[in-house]
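Load the model in a viewer and keep the selection tool at hand.

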Amino acid sequence: MEKADKIWMDGKLVPWHDANIHVLTHTLHYGLGVFEGIRCYQTKKKSAVFRLPEHVDRLFNSAKILGIEVPYTRAQIRKAIVQTVSANKLEECYIRPIVFLGDNKMGLNPEGVDVRVAVAAWPWGAYLGEDGLNKGIKVCVSSFTRHHINISMTRAKACGYYINSILAKVEAVRNQCDEAILLDTNGYVSEGSGENVFILQKGILRTPALACANLEGITRDAVMEICAHLKIRVEESFITRDELYLADEMFLTGTAAEITPVREVDGRPIGQGKKGKITDQIQKTFFDAVSGKNPKFKKWLTEV
C-alpha cells in the first residue's frame, strides 16, 4: 500500500501516521460502521472524483439503514473528500470515507457511542490487475452464500458485512481463481466479493436484480447509463449459476474493479475465453467518461 501524507479525521487533516484509534474502538469489535470506495481520475484539465454526490448519498443512506447519525452534512463530507485528495496532491487515487463508532462505550447497544468520520486517499491501480482488465479473469462460484436481505439489510455498505466477502475471496484465491461469485439464499447469482455481475446472452445484457441481496453499485448504475447511450438492452433479472456458464460475455463492475472482463467461470470458458466485443465497448466508453474524454458523461466528474 502506497501511503499518502494526510488523512481527514473528525473535521481536520492529520498526518497519515497520526490518524490512529483506540484498541477499544466499538466498530473494531462489533463491525457497526459504513464506508465507501471512490476513485479519482486524471483528466486533461484536472483530477476529478467519479460520481462524488452519489457515493456520499450512499454513505449517508447506509448510515441511516444502520441507525447511525453522521455528525456532518453531505456537503461537508463532499468537501472533506476533495480536500483530502488535494492536500495529498494525488492525480489519481482511491478514496475511503468511513463512518465508525468510537471508544467511549462498549457493549452491543451502540446508543451513546461517539460517531467518528475519516477520509483517506492513496494511489491504487487496477484492483484485479491490468492483465485482468485486458484479458479477463478467472472466477469461481463460492461455497459461501451472500447475506439474506432480512438478516443484514444488504442495501447498506457496512463494515462487518465484508467478513462474508473475505471468506469468499480467500476461498477463490486458494482455488487458483481471481475472484468469487456468491449466490443468494435462493441460489440465484448475487454478486462478486466486491463487485456487481453482468452477463451478455443473445445480445441482451443482464445483471442480478437488487432482490438478490447484491449492493446497488454506483459503477453498476454507470454501466446502465452507458448502455442506454450505446443502445444496448439491459435487464435486471434472476440469474442462475448455469446461466453464467452459457453466457456469451461476462464482466464485473465496481469502484475498485472498474469494468473487469471474466474469461472463465468454474473452469468453463465464457464465450471465446477472452474479453468480448460488447464488454470492450462498454469498458472503453467507461474509461473515456472517467478521464473526461466523453462530454456526455461530464456530470459524473467533480474536479479537484
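A pocket here is an open set of grid points, where a 1.4 Å probe fits, with protein on both sides within 12 Å along at least five of seven lines; its volume is the space filled by probe spheres set on those points. The model is predicted.

**Stop 1: the largest pocket.** Select Tyr 94, Arg 96, Lys 157, Tyr 162 and Gly 194, which lie nearest the centre of the largest pocket. The space there comes to about 590 Å³, and the lining has 26 residues. Next, colour β6, α5 (162-174), α6 (218-230) and β14 (249-254), each of which supplies at least two lining residues. Of the elements, α5 gives the most, with four residues. By type, the lining consists of 10 nonpolar, 10 polar and six charged residues.

**Stop 2: α6.** Stay with α6, one of the elements that line the largest pocket. Its buried residues are Ile 218, Thr 219, Arg 220, Ala 222, Val 223, Ile 226 and Cys 227.

Stop 3: The largest contribution is from β7, with four residues. Here the lining divides into 14 nonpolar residues, three polar and one charged.

Stop 4: In soluble globular proteins, nonpolar side chains tend to be buried together. Select Ile 77, Ile 81 and Ile 95, which have the most contacts inside the largest nonpolar core, a set of 30 residues. Elements giving two or more residues to this core are β4 (38-42), α2 (52-66), α3 (74-87), β6 (93-101) and β7 (115-122). The largest share, six residues, belongs to α2.

Now show what surrounds Ile 95. Beyond its neighbours within four places in sequence, Ile 95 is in contact with residues including Ile 38, Cys 40, Val 49, Ile 81, Val 85 and Val 119.

Finally, select Val 141, Ile 199, Ile 239 and Ile 270. They are among the 19 residues of another core, which lies apart from the largest one.

Notes: Residues are numbered from 1 along each chain as its sequence is written. This is a predicted model: local features need pLDDT of at least 70, side-chain atom pairs count only at pLDDT 80 or more; totals for chains, interfaces and linings use all residues. Side-chain values use heavy atoms; hydrogens and water are left out. A nonpolar core is a set of buried Ala, Val, Leu, Ile, Met, Phe, Trp, Tyr and Cys residues joined through side-chain atoms within 4.5 Å. Buried means under 20% relative accessible area, exposed over 50%, partly exposed in between (1.4 Å probe, protein chains only). Contact means heavy atoms within 4.5 Å. On a 1 Å grid over the protein atoms alone, a cavity is a set of points where a 1.4 Å probe fits but cannot get out, and a pocket is an open set with protein on both sides within 12 Å along at least five of seven lines; lining residues have an atom within 4 Å of a point. Ala, Val, Leu, Ile, Met, Phe, Trp, Tyr, Cys and Pro count as nonpolar, Asp, Glu, Lys and Arg as charged, and the others, Gly among them, as polar.
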